[in-house]
Amino acid sequence: MRICQTDILTPQIDWGADKIIIRTNSELNLLELANDNVNFYGIYISLLKHDFMLYFHSSERSYFIKRKLISSIWQRRDLLLGGQTFYTVEEPVAKRNGQKNRLVVAFSSMPLDDDTISPNIASRCFFRNYPSLAKHLLPNTYLIRIMDCNLTCGSYYLNTSNYDHFETDVQNIIKTKAYNLGVDQDDIVLFGISKGGTGALYHSILSDHHAVAVDPLFSLTKYIAEGDSHFTQQEFPEKLTPLFKKEITQHNSTRTKIIIGVPTIRENYQEYVQLEQAGIRVVDVVDEDIKKHGEIGSRTMIEQVTYINGMLLGDI
């Protein structure tokens, strides 16, 4: 494995290397430093563009690896590889003999605040939304969780210049597992919160699956204003609405897609409400205690599981 070692103050990076080790001269990793320093931000963005991901920091050194080689460093045995991304499979909590198998596919939101700058890839890209979800699903329902393994904390499960077949990898994971488990397309629901909701809704349009998306990210204005806090400004426009409208016109999407939103939290709501049409339904939640986007997922769990199970039953 080819390794490049350099210093943050006088970086000389070998882009042909498999691993890059950058001495930051600080207990802070390069991702943390990139949030506050325009020069360090530029170095970090160059690493992303060349398809390197931060995976470790120790002794004032940040370690980066080519994304396609990440499987060589995993020690977790529960992670399965599909193409160049990762996923886990949770067995049904309840089983009934003679009943068909079903499948829910969960897409990760942004992690908790402290983990957005973690040197650990799984901590940044594989947040486990609704950890008890499997317990509340219908019998014989398998739960797949797909990692948003790209850039810094993910790319909303969308293609990027460095990973132009991410969408295909995600689609193939769903198709392959459904085939292996004998699950019909009508018995699959894609689910996600925030940027996970963006991914779930987008992939449900591409492949005509049912979906439950909770206040999906459609406006990146806030994160751009924060200095590109998602590190996606180089890849995506400020609004994702035109991309979704384009895909809707290009795909014959017949299965039900529900977006759970709060009308008073308008930044994303005013974007995705434009998609409300046959097959895509926006469900308004009225809760005066919900003050911001990040609270919607944790305060609508009953609605989430109700709609997921309703779709699996064929009632929604």
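I began with the strand order and found an open sheet of eight strands, S5-S6-S8-S7-S9-S10-S11-S12, with mixed pairing. I take helices (H or I, at least four residues) and strands (E, at least two) as DSSP runs, numbered from the N terminus. Two strands count as paired if DSSP finds at least two bridges between them. At the edges stand strand S5 (80-82) and strand S12 (280-284), each with a single partner strand, so one side of each has no neighbour in the sheet. On average, neighbouring strands of this sheet are turned by 25° against each other, direction ignored. For angles I use axes that are lines fitted to C-alpha atoms, for helices over the stretch in contact, with values from 0 to 180 degrees between N-to-C directions.

Before going on, I note that this is a predicted model, in which local features need pLDDT of at least 70 and side-chain atom pairs count only at pLDDT 80 or more, while totals for chains, interfaces and linings use all residues. Residues are numbered from 1 along each chain as its sequence is written, and side-chain values use heavy atoms, with hydrogens and water left out.

I looked up S9 and S10, which pair in the parallel sense over five bridges. Gly 192 has Ala 213 as its bridge partner in S10. Helix H4 (residues 166-181) lies across S5, strand S6 (85-90), S7, strand S8 (141-146) and S9, and runs at about 30° to S6. Contact here means heavy atoms within 4.5 Å.

**The four-stranded sheet**

I found four strands in a further open sheet, ordered S1-S2-S4-S3, with mixed pairing. S1 and strand S3 (52-58) are the edge strands, each pairing on one side only. Neighbouring strands here are turned by 20° against each other on average, direction ignored.

S2 pairs with strand S1 (residues 3-7) in the parallel sense over five bridges, and Ile 3 has Lys 19 of S2 as its bridge partner. S2 also pairs with strand S4 (residues 61-66), in the antiparallel sense and over five bridges. In S4, Lys 19 stands opposite Ile 65, and Ile 22 has Ser 62 as its bridge partner. I checked burial for S2 (residues 19-23): four of its five residues are buried, so the strand is largely enclosed by the rest of the structure. Buried means under 20% relative accessible area, exposed over 50%, and partly exposed in between (1.4 Å probe, protein chains only). Helix H2 (residues 38-49) lies across S2, S3 and S4, running at about 175° to S2.

**Cores**

I define a nonpolar core as a set of buried Ala, Val, Leu, Ile, Met, Phe, Trp, Tyr and Cys residues joined through side-chain atoms within 4.5 Å. The largest has 26 residues, and Val 104, Leu 133, Phe 191, Val 212, Ile 260 and Ile 308 have the most contacts inside it. Strand S7 (102-107), strand S9 (188-193), strand S10 (210-214), strand S11 (257-261) and helix H9 (301-313) each supply at least two of its residues. H9 gives the largest share, five residues. Leaving out residues up to four places away in sequence, Phe 191 touches a list including Val 104, Tyr 130, Leu 133, Val 212, Gln 304 and Ile 308. A second, separate core of 21 residues includes Cys 4, Ile 8, Tyr 44 and Ile 45.
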